[in-house]
Amino acid sequence: MRLSEVPVGTVVEVRKLYRSDILPKLRAVGILPGVKIEIIKAAPMGDPRIYKVFDKLISLRNSEAEIVEVDIIQDQPLPATFVKPGKYVVVKIQAGKMSRYLLSRCGIIEGALIEIKEDKKIVTSAGTFDIGFGRLSKVFVSPAKKEQISISNCIQSF
Amino acid sequence: MKTVNITLWFSILISLLVVTLYFIQKDYVFSVVLLTFSFVFLFGFREFGKPSVSYKIAHLYVGSILFTIAAGYTLLDFIFSFINVLLGEHVKSPTYADVLLWGLGLYSLFNIYRLRKFALKPAKFGRR
Amino acid sequence: MVITVGLVGNPNVGKTSLFNKLVGARQYVANWPGVTVSRIEGATSYKDHTLHFIDLPGVYTLSATSIDEKITRDFLLLTPPNVTVVVIDSVSPEQGMYLLLEVLELGLNVIAVFNAIDEAKKKGVHFDKNLLQDSLGIPVILTSAHSGEGIIELKDTIVSAFKNNYRAKFLDYGYEIESLVKSLEHCFGEEYNKRFFALKLLEGDELAKSKISYCEFKLDESTEEIGVEIAKCRYEYINSVLSVCMQKSSAPITDIEAIDHVLTHKYLGVPIFLSLLYLAFNFTFKVSEPLVNLLEFLFGKLAETFGNSTLITSLISDGVINGVGSVISFVPSIFALFLALGIMEESGYLPRIAFLMDRLMYSLRLTGRSFMTLLLGFGCNVSSVMAARGLSDERERITTILVSPFISCNARIPVYLMIINVAFSQRKAETFFFIYILSIILTAISSRVVNRVVLKGENVPFIMEIPRYRFPKLSNILTYVWNRGKHFLQKAGTIIFFVSIVVWALTYFPNPDNIENSLIAIIGKNLEFIFKPLGFTWQTVAALFFGGVAKEIIVSSFAQFYGSIEKVVLHPITAATLMTFILGYIPCFATLAAIKSETGSSKYVIFSVIYSFSISYVLALFVNLIGRLVI
């Protein structure tokens, strides 16, 4: 995955840098394989973005962040659009009041257990929903642990 | 944090009152400027999730700084108009809006002082 | 003994403020990475030695791509100083130490300085100085340019380093790379630092490639890997050193995150910036107004006491006092504007604006970085033309230089103020704000035009560090205000003084009583036909003619033609047209000279003159037509 594609708020580890003229500069500010980078925030319209490298804030345009190949560090909440299909726990919802209300009607609230299907449809305790890409990217999830899955199975069997 | 919410609400109310007063006074552009600043307070309520308190404080903190700047500017304007005395012209008399803005500026200054340790000490609340 | 000392460091580590502290010189420190573009020097004597400091432009690496980086690298390579001081930010030392390792590879006599130690202490970062010294093998000093801590110790160490000549061990990159370096070292002539060049060659540096003289070398995928491997090695070493020598108690960045969240907010960021800019202009205008009035009053009284009955008294009162005085009266306004801009720059707010505005600048084929350079143009176009040197891309640099004259510089402030006072006394601040917005729009349009017509090319990278917020220090702001404002005073004393006398002479002769018959009226009336469509009178035309030298002269000329500024009459439509025209009609002589010296070709100077004259003319005509239709 390229650094420019990673959502705001996640921590990534650099895997590889592609060939480019700005490479020496990127290397010197510390963007190197193995280094952890946090995506701090995006400017209006999503470009450029601020990254945290070794406690320094560095602003990069998406066209420049594109030459950095990264891996998302797994044990952190990710937007639901970025995870493989499976069972997840909703950790936080980064959205306004309106979106939260709509999501809560689908059974997506903080702490809820949800299942994400291949086609990005979401199975919750209230049913199966297709809530759309934009809204889904605001739902941060982390993989559900074993016991959580079994409890929910019990509830479903009741 | 209840006090943050109360302070936010109080600041919004006063600032909107100042905005209206300046609008009545036909200082349209200045009232728009102040409206932008009060939106900083207002947007504090759009913050949800775990670090919402720290972000609310940030909104309150920055909004207070902005209002202090605005109040400081009108105050300087008033003080410098005393030079007019040398030229034989009269000193500007502060309007209700000015006085209220100074009051709000003073309150904001107090808030900045009070929130300084919250807004500038990262250890108090965890990372996002 | 004279000891030359080079100051090297990342952009924005407080290198320049350390320099000021060491030399006691008054040189401005900015939060914008890359303000120090030219070589700044200063000397101080210490214990029978003269320490000669050279403040080098801030860089991250010695692999040079921009002019700044070339200056620093070539200086260290070609004229190595006796002692090199590498300045490192204590709060986040990693990137600074990377540069330190690169400088060490040059085999120079190096001292490492961890600056801003007071800030670091406040944030719970502590260093073990002796351990650092042992592991790096060079002297380490902890300093603070803010509190003055460690400055004396630094001077002491410079002297002792000069005597002892410390040379650090080189970093060992492991068998594979080291053997490659060995095999490449013989490629370079004896005059070069072989190890440094061999490493730089592996990192893919252009200069190193050009210096190969004794063997063939081709870059391929595997050498690229090695380049990354070298950088990784350095960072691994840095981390291992820091893990032993540095204690951190908490994440030092969170505080900015929260405040930044609001100031660079998705929706609020830009409105807040515009509001603050409006307040800044209003401040310039309203707060300083009584002072301006007072000065005008005093100059008027002074001119009255001299009278204008004879040739000499007329020269003094009408020529010098009225001409120069009318310009000097606006000094409080100019200083007030720089006070406001200085606070914004000192606090670290402006780089955030560059970040917010980058998307917009991107569509103009510029970067947020050039936005910052252009903001300097509000002070003086010459300084923004010069500051463009810090831009790494040649095309962006030329574009920035060519559009700089459209930024309303402080020389134009008195002209606007005069016109606004005469024609728009009811809506002063709004008109002022509007003309600045127009100036920004004109700059944007011109940038598009320049990129379409004159230059074509790729987009420019935008790698910028967002510095920490700082509470603006009064002394720094006053230095900033003085450095920007003194230029105005110097101009008033020299060029404006002379042109005022010329204008006075042309008005006085041949007939002092009837200005309609004067020499200047003849010039004005002969040129009037060009400006007929804009509705300018011969007085305006003559003022514009002399204003080509420096914009302030328009004010002094008007003052002389009408007797004093208060007596100037302008119709609002003509006033609006005039303001639009003055915004860009021709860059002043100093700016043209700067364009010539920075671009190195008169082609761009001619383009600048013709383009700005025609676009302002068209725009002014447009304003005039609209004005006539509306009223």
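What does chain A average in pLDDT? Chain A averages a pLDDT of 79, and 92% of its residues score at least 70. pLDDT is the predictor's confidence in each residue, on a scale from 0 to 100.

**Before you start**

This is a predicted model, in which local features need pLDDT of at least 70 and side-chain atom pairs count only at pLDDT 80 or more, while totals for chains, interfaces and linings use all residues. Residues are numbered from 1 along each chain as its sequence is written, and chains are lettered from A and ligands numbered from 1 in the order in which they are written.

Helices and strands are DSSP runs, numbered from the N terminus: a helix is a run of H or I with at least four residues, a strand a run of E with at least two.

**Stop 1: confidence in chain A**

Colour chain A by pLDDT. Confidence in chain A is highest in strand 3 of chain A, at 89, and lowest in helix 5 (residues 146-157) of chain A, at a mean of 51. Now select residues 151-158 of chain A, where pLDDT stays under 50. The model has one contact beyond four places in sequence for residues 151-158 of chain A. Two residues are in contact if their C-beta atoms, placed from the backbone, lie within 7 Å.

**Stop 2**

Next, show the strands of chain A together with strand 9 of chain C. Six strands form an open sheet here, in the order 5(A)-1(A)-2(A)-3(A)-4(A)-9(C), with antiparallel pairing. Strand 5 (68-72) of chain A and strand 9 (464-466) of chain C are the edge strands, and each pairs on one side only. Neighbouring strands of this sheet are turned by 40 degrees against each other on average, direction ignored. Two strands pair if DSSP finds at least two bridges between them. Strands of a sheet pair through backbone hydrogen bonds, either parallel or antiparallel.

Select strand 1 (residues 11-17) of chain A. Five bridges join strand 1 of chain A to strand 5 of chain A, and the two run antiparallel. V14(A) stands opposite V70(A) in strand 5 of chain A.

Strand 4 of chain A and strand 9 of chain C are joined by three bridges and run antiparallel. What stands opposite S59(A) in strand 9 of chain C? The residue there is M464(C).

**Stop 3: where chain A touches chain C**

Select the residues on both sides of this contact: 31 from chain A and 33 from chain C. On the side of chain A, helix 1 (23-28), strand 2 (36-42), strand 3, strand 4 and helix 2 (62-65) each supply at least two residues. Strand 4 of chain A gives the most to that side, with five residues. By class, the side of chain A that touches chain C has 17 nonpolar, four polar and 10 charged residues. Ala, Val, Leu, Ile, Met, Phe, Trp, Tyr, Cys and Pro count as nonpolar, Asp, Glu, Lys and Arg as charged, and the others, Gly among them, as polar.

Axes are lines fitted to C-alpha atoms, for helices over the stretch in contact, and angles run from 0 to 180 degrees between N-to-C directions.

**Stop 4: the loop between strands 2 and 3 of chain A**

P48(A) lies in the loop between strand 2 and strand 3 of chain A. The peptide bond from D47(A) to P48(A) is cis, with omega near -5 degrees. M45(A) is found in the loop between strand 2 and strand 3 of chain A. M45(A) is not a glycine, yet has a positive phi of about 75 degrees. Most residues other than glycine have a negative phi, and most peptide bonds are trans.

Is M45(A) buried or exposed? M45(A) counts as exposed because it has 11 C-beta neighbours inside 10 Å. A residue is buried if 20 or more other C-beta atoms lie within 10 Å of its own, exposed if 12 or fewer, and partly exposed in between.

**Stop 5: inside chain C**

Show chain C, which has 29 helices and nine strands. Of its 631 residues, 53% count as buried. One to select is V125(C), in strand 6 (residues 125-127) of chain C. V125(C) counts as buried because it has 22 C-beta neighbours inside 10 Å.
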